[in-house]
Amino acid sequence: MKVALRVGDTTTQATLTDNATARAFATTLPVTVEMSDMLERELYGALPEPLPVAEKNRQTDYQAGQLVYWPPGPGLAVYYKHAGPPVPAPGMVVLGTIDGGLDAFTGHDGTAKVTIDRTG
């Protein structure tokens, strides 16, 4: 499933991963999350409600362009750069991958409102 992420005047798309947590996330859309820059590698913010997590294979490493959920939540992050150490165990669940336009997530002083919605 494709979703649109709007940051200010810029909109980019992402492809959601086929897992139970991403499917649960899709049912909450549209959602707007106030996000802050963290460690000069990601925008991070809290979803209005935690998501159910069925994935046992969480990951502690990340790649630029990933949209991830940090259980027990309700943390949501968009990684725009791979920098620094892995995240602490038990890790995070990948919700999707940004298809392009990672620059939309960089250079924010303070907070940025990110609105995520289904496309089409």
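Helices here are DSSP runs of H or I with at least four residues, and strands are runs of E with at least two; both are numbered from the N terminus. On that basis, α1 covers 20–27 and β3 covers 31–38, and proline 30 sits in the loop between them. The model shown is predicted.

**Figure 1. The whole chain, with 1 helix and 8 strands.** Read from the N terminus, the order of elements is β-β-α-β-β-β-β-β-β. Along the principal axes, the C-alpha atoms occupy a box of roughly 35 × 35 × 25 Å. The radius of gyration is 13 Å; a compact globule of 120 residues would come near 14 Å, so the chain agrees with that expectation. Buried residues make up 42% of the 120. Take the contacts between residues at least 6 apart in sequence: 67% of them join residues at least 24 apart. The chain carries 9 positive and 13 negative charges, and their mean positions lie 7 Å apart.

**Figure 2. Cis peptide bond between leucine 29 and proline 30.** Omega is about 5° at this bond. Proline 30 belongs to the loop that links α1 (20–27) to β3 (31–38).

**Figure 3. Cis peptide bond between proline 71 and proline 72.** Here both partners are prolines, and omega is about 5°. Proline 72 is placed in the loop between β5 and β6.

**Figure 4. Leucine 39 and glutamate 40 in the loop between β3 and β4.** Leucine 39 is not a glycine, yet its phi is positive, near 60°. Its relative accessible area is 58%. The cut-off for exposed is over 50%, so leucine 39 counts as exposed. Glutamate 40, also not a glycine, has a positive phi of about 50°. Glutamate 40 is exposed as well, with a relative accessible area of 56%.

**Figure 5. Edge-to-face pair of tyrosine 44 and tryptophan 70.** A search of the whole structure gives 2 aromatic pairs. In the pair shown here, the ring centres of tyrosine 44 and tryptophan 70 are 6.1 Å apart and the planes stand at 80°. Planes over 60 degrees apart count as edge-to-face, so this pair takes that label. Tyrosine 44 is part of strand β4 (residues 42–46), whereas tryptophan 70 is part of strand β5 (residues 66–70). The pair therefore ties together parts that are 26 residues apart in sequence. Tyrosine 44 has a relative accessible area of 26%, which makes it partly exposed.

**Figure 6. Stacked pair of tyrosine 62 and tyrosine 79.** The ring centres of tyrosine 62 and tyrosine 79 are 4.2 Å apart, and the angle between the planes is 15°. Planes under 30 degrees apart count as stacked, so the pair is assigned to that class. Tyrosine 62 comes from the loop between β4 and β5, and tyrosine 79 comes from strand β6 (residues 75–79). The pair thus ties together parts that are 17 residues apart in sequence. Tyrosine 62 is buried, at a relative accessible area of 0%. Tyrosine 79 is also buried, and its relative accessible area is 0%.

Key
Residues are numbered from 1 along each chain as its sequence is written. This is a predicted model: local features need pLDDT of at least 70, side-chain atom pairs count only at pLDDT 80 or more; totals for chains, interfaces and linings use all residues. Side-chain values use heavy atoms; hydrogens and water are left out. Rings of Phe, Tyr and Trp (its six-membered ring) pair if their centres lie within 6.5 Å; planes under 30 degrees apart count as stacked, over 60 as edge-to-face and the rest as tilted. Buried means under 20% relative accessible area, exposed over 50%, partly exposed in between (1.4 Å probe, protein chains only). The radius of gyration is taken over C-alpha atoms; the globule rule is 2.2 Å times the number of residues to the power 0.38. Contact means heavy atoms within 4.5 Å. Lys and Arg count as positive and Asp and Glu as negative; His and the chain ends are not counted. The place of a charge is taken as NZ of Lys, CZ of Arg, CG of Asp or CD of Glu.
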